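This report asks for a careful reading of a model, residue by residue. Please keep the sequence and the coordinates at hand while going through the sections.

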Amino acid sequence: MPNLKDLKIRIDSVKSTQKITSAMKMVAAAKLRRAQESVEAARPYAVRMERMLGSLAQSVGGTEGAPKLLAGTGAEETHLLVAFTADRGLCGGFNSSIVRQVRTMIMNLKATGKTAKVFCVGRKGHDVLKREFSAEIIDNVAGLGRRGIEYHEAAGVANTITELFEAGEFDVCTIVFNRFQSAMTQIVTPQQLIPFESANSGAEEEETPADDGPKAVYIFEPEEDEILADLLPRNLAVQIFQALLESSASEHGARMTAMDNATRNAGEMIDGLTLTYNRTRQAFITKELIEIISGAEAL
Amino acid sequence: MTDTNVGTVEFELVSPAKLLVSEPVEMVVVPGAEGDIGVLPGHSPLIATVRPGVIDIHEGGKVRDRIFVGGGFAEVSSERCTVLAEEATPVDEIDRTIAEARLIEAKEKADVADETGVAEAARQVAIAEGLVAAAGLAGD
């Protein structure tokens, strides 16, 4: 028979856990709303940037001397995977789904005899991946977006990546992040950044204005290569900025859902424990009554 | 969006933070890196870099809106004009004192910038100069 006092302690502890999880849920919901607003506000820019670069790439593509960021190094031996995870846990499958995706990608690359390198954004991904792939991890940054994500933070990450690329550290760069769908669903998305790949397949629910019809021949001012030299690093930063925003919105969404579940589970647990507690209490009372009555009868 | 009114061009101004303007306009003047570009309906396709300066939205032969942009890119097609700006503020909302403070700060940073930071610092100075100039326009 469980001890009444122990049960009481247990119930109290679950109750305080429930308080914490429900508070975390509230906080995540508030943060989610802000993050969602900023990710939705930023989407048009990233989409249009990509469209512009797409039209540029079409007219420059194939010509010799196209910038490396656009055309790649010609090889695809070394892949850089940029994993976007959160700095904190307690957000359901958010971090582990990224880690799983990165692990699969590394395995696939290794299986085909290519080299994989990993750049971790966010502490959690680094913590997990370093156990298995400490040799592959070349760098990590954490603590981004404590007070909302700033563009210059993304630019910093982009600079690091560009420098690595120029130093010939890798040939292909892919970012892996959670694309924000809703508070319930986050989609793990690998997106290739270098060389530039026009993501026509990226199913965006963006109202694309009517197509320009046949592919127009553009006038460039200044020359294509000058614009490209400006646009490519910028695009990199913008896509990373976008990934950071998506990832942060997803994180809060995932945390909110996870904490909602936890609160509900705690509630169920409390109900169960309270039931046991009451039954036990009743059993004690009955036992005591029986003792008293049988004691009285014996007299 | 698909309304192809002959007299207007679909103008979009986007900054990394948000979509600022998306509306049909009669004419828009964009400060291109090599000179101002006036965009009317039926303009040839064009991709240009934008210098820090002021975008004028014209209507009925007059300037209706003026928006400061801190550099970026413009893509023009016959019925659309998209400007990707690094930052954008309507000219009426620019605070002159803040703009001037920013210019001074940018200049100070440019003076102490090392080799790697010098280009970025110069860019910031150019943006701040444009902002101060735009603030001057607001009084007109």
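## Basis of the model

This is a predicted model, in which local features need pLDDT of at least 70 and side-chain atom pairs count only at pLDDT 80 or more, whereas totals for chains, interfaces and linings use all residues. Residues are numbered from 1 along each chain as its sequence is written, chains are lettered from A and ligands numbered from 1 in the order in which they are written, and side-chain values use heavy atoms, with hydrogens and water left out.

## Aromatic pairs and a charge over a ring

Over all chains, a search of the whole structure finds 4 aromatic pairs; rings of Phe, Tyr and Trp (its six-membered ring) pair if their centres lie within 6.5 Å, and planes under 30 degrees apart count as stacked, over 60 as edge-to-face and the rest as tilted. One of these is the edge-to-face pair of Phe84(A) and Phe177(A), with 6.4 Å from centre to centre and 80° between the planes. Because Phe84(A) belongs to strand β1 (residues 78-84) of chain A and Phe177(A) to strand β4 (residues 172-180) of chain A, the pair ties together parts that are 93 residues apart in sequence; helices (H or I, at least four residues) and strands (E, at least two) are DSSP runs, numbered from the N terminus. Phe84(A) is buried at 1% relative accessibility, and Phe177(A) is buried with a relative accessible area of 1%, where buried means under 20% relative accessible area, exposed over 50% and partly exposed in between (1.4 Å probe, protein chains only).

The pair of Tyr218(A) and Phe220(A) is tilted, because the ring centres lie 6.4 Å apart and the planes stand at 40°. Tyr218(A) is buried, at a relative accessible area of 14%, and Phe220(A) is buried at 15%. Elsewhere, the charged end of Lys8(A) sits over the ring of Tyr277(A), 5.4 Å from its centre; the criterion is NZ of Lys or CZ of Arg within 6 Å of the ring centre and within 35 degrees of the ring normal.

## Salt bridges

Over all chains the structure holds 21 salt bridges, each being a side-chain nitrogen of Lys or Arg within 4 Å of a carboxyl oxygen of Asp or Glu. Among them is the bridge of Arg48(A) with Glu12(B), whose closest N and O atoms are 2.6 Å apart. This pair crosses between chains, from helix α1 (residues 4-60) of chain A, which holds Arg48(A), to strand β1 of chain B, which holds Glu12(B). Arg48(A) is buried at a relative accessible area of 2%, and Glu12(B) is buried at 1%.

Other bridges lie within one helix. Lys130(A) and Asp127(A), with their closest N and O atoms 3.8 Å apart, both belong to helix α4 (residues 123-133) of chain A and are 3 residues apart, about one turn of the helix; Lys130(A) is partly exposed at 40%, as is Asp127(A) at 23%. In chain B, Glu100(B) pairs with Arg96(B) at 3.2 Å between the closest N and O atoms, both in helix α1 (residues 96-112) and 4 residues apart. A network of salt bridges links Glu23(B), Glu59(B), Arg64(B) and Asp65(B).

## Backbone features

Most residues other than glycine have a negative phi, and most peptide bonds are trans. Ile194(A) and Pro195(A) are joined by a cis peptide bond with omega of about -10°, and Pro195(A) is placed in the loop between β5 (186-194) and β6 (219-221) of chain A. Leu90(A), although not a glycine, has a positive phi of about 55°; Leu90(A) is found in the loop between β1 and α3 (94-111) of chain A and is exposed at 57% relative accessibility.

## Single residues

Ala17(B), in the loop between β1 (9-14) and β2 (19-25) of chain B, is exposed at 52% relative accessibility. Leaving aside neighbours within four places in sequence, Ala17(B) is in contact (heavy atoms within 4.5 Å) with Ala41(A) and Ala42(A).

Ser248(A), which lies in helix α6 of chain A, is buried with a relative accessible area of 16%.
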